[in-house]
Amino acid sequence: MNESRKSLWGIPALWLVIGLPLLAVAASVWLLVIAIRSGGADSISDPVDRVLQIQTADLGPDANARELGLSAVLRVEDGIVEVLPATGQFPRDAALRLTLEHPTRQASDLSLELVPQGPGWRIEQAVEDGNDWLVQLRPADGQWRLKGRLPRQQHATRLSPWLGEEH
């Protein structure tokens, strides 16, 4: 008759019955908060048309660059950003627009206007080399476009038309 009464919280099976569902709910809420804070998943900054579930982008500038046979080399080093023509006939008297897109943080994107200087175009601008960059080069009128990827810790990359290339 002198049995001491055990508390319900001292029973291990009760912790499993109540604790596991509570832990699952808390983890679900935590994952939902992370997903909402991370923003959208689109990593392409080109304007796209959305029809039903299909997204289409204007590939005309890429086709024009391919037809003109354009390619270039981007060099980023010592606070200088420089583009050197490799193939094709570039308009030598006009500035070019260079866009460096951070793969995950849009706030870190850079848009630079490179002016003709020497054999190519350049601007004094420090660029962080601790991450990859998605690179686009185009003239002010947007008639053609070259793209590439500048990997982390590298100081140069090839820019080429996106169409017909393995990227």
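Which residues are linked in a network of salt bridges? In this predicted model, Arg-75, Glu-77 and Glu-82 are linked in such a network, a salt bridge being a side-chain nitrogen of Lys or Arg within 4 Å of a carboxyl oxygen of Asp or Glu. Because the model is predicted, local features need pLDDT of at least 70 and side-chain atom pairs count only at pLDDT 80 or more, whereas totals for chains, interfaces and linings use all residues. Residues are numbered from 1 along each chain as its sequence is written, and side-chain values use heavy atoms, with hydrogens and water left out.

The protein chain contains two helices and 10 strands; helices (H or I, at least four residues) and strands (E, at least two) are DSSP runs, numbered from the N terminus. Along the sequence, these elements are arranged as α-β-β-α-β-β-β-β-β-β-β-β. Of the 167 residues, 25% count as buried, where buried means under 20% relative accessible area, exposed over 50%, and partly exposed in between (1.4 Å probe, protein chains only).

Helix α1 has 26 residues and spans 37 Å from its first C-alpha to its last, close to the 38 Å expected at 1.5 Å a residue; the expected span is 1.5 Å times one less than the number of residues. A bend of about 30° occurs in α1 at Gly-19, and Pro-21 follows within four residues. The bend is the angle between axes fitted to the seven residues ending at a position and the seven starting there.

A nonpolar surface patch is formed by Trp-9, Trp-15, Val-17, Ile-18 and Leu-22, with about 580 Å² of accessible area together. Patches are made of residues with over 30% relative accessible area and no salt bridge, with like charges joined within 9 Å and nonpolar side chains (Val, Leu, Ile, Met, Phe, Trp, Tyr) within 5 Å. Accessible areas come from the Shrake-Rupley method with a 1.4 Å probe; for residues, only the protein chains shown count as cover. Trp-9 is located in the segment before α1 (12-37) and is exposed, at 53% relative accessibility.

A search of the whole structure returns four salt bridges. Glu-82 is buried, with a relative accessible area of 9%, while Arg-75 is partly exposed at 29% and Glu-77 is partly exposed at 33%. A further salt bridge joins the side chains of Arg-97 and Glu-113 at 3.3 Å (N to O). Arg-97 lies in strand β5 (residues 96-101) and Glu-113 in strand β6 (residues 110-117), so this pair ties together parts that are 16 residues apart in sequence. Arg-97 is partly exposed, with a relative accessible area of 29%, and Glu-113 is partly exposed at 44%.

Two aromatic pairs are found in the whole structure. Phe-90 and Trp-144 form an edge-to-face pair, with 5.5 Å centre to centre and 85° between the planes. Phe-90 lies in the loop between β4 (80-87) and β5, and Trp-144 in the loop between β8 (133-139) and β9 (146-150), so the pair ties together parts that are 54 residues apart in sequence. Rings of Phe, Tyr and Trp (its six-membered ring) pair if their centres lie within 6.5 Å; planes under 30 degrees apart count as stacked, over 60 as edge-to-face and the rest as tilted. Both Phe-90 and Trp-144 are buried. Together with Trp-121, Phe-90 and Trp-144 form one aromatic cluster.
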